[in-house]
Amino acid sequence: MAEFAKFDTLSLHAGQHPDPQFGARAVPIYQTTSYVFRDTDHAAALFNLERAGHIYSRISNPTVAVLEERLSALEGGVGCVATASGQAALFLGIATLMGQGGHIVSSASIYGGSHNLFTHTLPRFGITTTFVNPRDTDGFKRALRPETRLVFGETLGNPGLEIMDLPAVAKIAHGHGVPLMIDNTFATPYLCRPFEHGVDLVMHSATKFLGGHGVAIAGALVDSGQFDWEASGKFPTLTEPYAGYHGLDFAEEFGPGAFIMRARAEGLRDFGATMAPQTAFYILQGVETLHLRVPRHVANARRVAEFLSQNPAVEWVSYPELPSHPDHERAKTLLPKGCGSIFSFGIKGGREAGRRFIESLQLFSHLANVGDAKSLVIHPASTTHQQMDAAALKAAGIGEELVRLSVGLEDPEDLVEDLSRALRASQPRRMAAE
Amino acid sequence: MELSVHGKKVYAATGGKAFDPALPAVVFLHGAGCDHTVWALQTRWFAWHGRSVLAVDLPGHGRSEGPALDEIGALADWVVALLDAARVQSAALVGHSMGALVSLETAARRPNRVRALALCGCAAEMPVSEKLLNPALAGEHLAYELITAWGLGRRAQIGGAEAPGTWMAGGTLRLLEHGKKGVVGIDLRACDRYKGAAAAVAKVKVPTVLVLGDNDRMSPPKAAAPLAAIPGAKTILIEKAGHMLMTEQPGRTLDALRTLL
């Protein structure tokens, strides 16, 4: 193996050199909409992609570009486009690959927002989705159609933390001439680098662990550069002349960078779901300590999972590091450093016990986010999904007893104490006394 | 565009404009294991500023049919056949690394077909370590890693790409991976065996520019000194650039080429 800068070093340095004018060591926030052209020829050359550089911050910005390079480096890709949110990254990826008539094969166990996009919104634009149980590897193959243009899933499914067989699903997708895109939000590149398992595109909600402190909404789309668009022949956006850039053929011009160049040149230019430079700065602060924070998140999650699995008020714990999880063995291969710090457990006593539990917690914050430095909790049956009855919840794979935790960076024994007290409070007096 | 050279399909990018043999032609020749895409941020400018561009995939590379040619001299003869196929009487040749040796040798063999030379990331001799040559010939991934690690300058290893959001190390590695197995080894062996630079330099009379990276660890600038003996040759040293200077410093590389072309 040749020597390259390693993950921890790249987390701190990739994409940035000290500011040449003033020597600023931190990444400066280039709070500007636009950039002065040297002359008219320079301007024309930038607009026609004859030269590289910044034109307008909807399309690129120096602060955002540092984050984009850093995430490319950490994922092992060729390039990245940072976006206003994770949802913007997902939509950008889809819109770069297909238009009306396109079809997606997706894991059924994905973030609710992504599910909404696939189920309710994309059909209005003529793009349909078939959902597949992520553990049913052959199901991905059966769901493929001639018009399929993307296979999609998450490294760790939501909410059951299902772990897809990434190499096998990638092989199925490639056999059909389409790429596999993975939402790597829950794992981060510290725990899993999907490109090393055959995945072609990765997206993130950078709001979560990458930012790590719950202060900014952000997304990222990363291109491995591995997929052969030309050989596939199914992606005219990448292999045929584009009138929007004087007949530019992205695969011909940029080779392995075709997808990410089109995503920026068209997607940010036309859809405009751009990341702000201030946001990029916030996310960069998080990325600089990703390699320190994630192991602690995992260690704390292990301690909490161990505690919960032995608590009498807990029916079950769903965490791939526990032997009881159906994907325990696969986790050892795809996520050898750990399975993150977001997981679910079932509380005895259902919806009412869940409500009492949530209201008794003090350190865990009750809110709709994950991947914060602080520990978070949500009980879908009494909050986000409270309008659904027991049958509807079951159909959605969410039992009345399900509580989801995002374990933060506090002292793990303090977290255990908080959970222990709240679990006691959630139960009828007899059990609590036990 | 597609051309036929010696009965084989050859692909050449034209910078986004249709090739017009009536315009001054500029032919771009890539280095070992690469293809035409290494010139993306130079070719478009020339194509949109009154030149006809042919950024070729050498035989066995990119979209051109194989086999790869295993001698610099054979590649030089192939370039002449390419000019014939494109109906170009005389072209400026822009070569990188192995492509620079091919450009030099072409100008020496057929001076009437070459009107200017731009030699990028070049050296009069390019000995290749067995540590690289053996895995390259075997098609081992290690060769791609070594070329990426040595090819990019130390600055570019950390990034700071001129093309926003692109990771240069990833792009270089992936480009090499996309090549046909073992081709990079054939290229490197051709470079290693080429000893004709001194003789070629003595024959070349056309305007020449050497474009070198000051942090080039594969072809250090001092190794290009014999090439500067071409009468009137200019040397432009690009600061903080390694061997892959078209990727590392695309704007400055373009500006350097514009001084000649």
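Predicted model: local features only at pLDDT ≥ 70, side-chain atom pairs only at ≥ 80, totals over all residues.

Colleague: Which residues are exposed on the other side of α5(A)?

Modeller: A:Asn116 and A:His120 are the exposed ones there. Residues are numbered from 1 along each chain as its sequence is written, while chains are lettered from A and ligands numbered from 1 in the order in which they are written.

Colleague: Why do you say that the buried residues of α5(A) line one face of the helix?

Modeller: The buried ones are A:Ser114, A:Leu117 and A:Phe118. Looking down the axis of α5(A), they fall within an arc of 85 degrees, so they line one face. That arc is taken over the directions from the helix axis to the C-beta atoms.

Colleague: Why does A:Gly112 count as partly exposed?

Modeller: A:Gly112 has 15 C-beta neighbours inside 10 Å, which means it goes in the partly exposed class. It lies in α5 (residues 112-121) of chain A. Its C-alpha atom is 9.4 Å from that of A:Pro159, 47 residues apart along the chain.

Colleague: And what makes B:Ala86 buried?

Modeller: B:Ala86 has 20 C-beta neighbours inside 10 Å, so it counts as buried. It sits in the loop between α2 (72-85) and β5 (91-96) of chain B. Setting aside neighbours within four places in sequence, B:Ala86 is in contact with B:Leu3, B:Phe19, B:Pro21 and B:Leu54. Contact means that the two C-beta atoms, placed from the backbone, lie within 7 Å.

Colleague: How do you know that chain A agrees with a compact globule?

Modeller: For 434 residues the rule gives a radius of gyration near 22 Å, and chain A has 22 Å, so the two agree. The radius is taken over C-alpha atoms, and the rule is 2.2 Å times the number of residues to the power 0.38. Chain A has 19 helices and twelve strands, and 53% of its residues are buried.

Colleague: What about the radius of gyration of chain B?

Modeller: A compact globule of 261 residues would be near 18 Å; chain B has 16 Å, which agrees. Chain B holds eleven helices and eight strands, and 58% of its residues count as buried.

Colleague: What angle and crossing do α5(B) and α7(B) have?

Modeller: They pack at about 145 degrees with their axes 9 Å apart, and the crossing is right-handed. Axes are lines fitted to C-alpha atoms, for helices over the stretch in contact, with angles from 0 to 180 degrees between N-to-C directions. Right-handed is for a near helix turned clockwise from the far one; left-handed is for one turned anticlockwise by less than a right angle. B:Tyr144, B:Glu145, B:Ile147, B:Thr148 and B:Gly151 in α5(B) meet B:Ala169, B:Thr172, B:Leu173, B:Leu176 and B:Glu177 in α7(B). By class, that contact has five nonpolar, three polar and two charged residues. Nonpolar covers Ala, Val, Leu, Ile, Met, Phe, Trp, Tyr, Cys and Pro; charged covers Asp, Glu, Lys and Arg; the others, Gly among them, are polar.

Colleague: How many residues of chain B are in contact with chain A?

Modeller: 35 residues of chain B are in contact with 43 residues of chain A. α7(B) gives the most to that side of chain B, with six residues. By class, the side has 17 nonpolar, twelve polar and six charged residues.

Note on methods:
Helix = DSSP H or I, 4+ residues; strand = E, 2+ residues; numbered from the N terminus. Buried ≥ 20, exposed ≤ 12 C-beta atoms within 10 Å, placed from the backbone.
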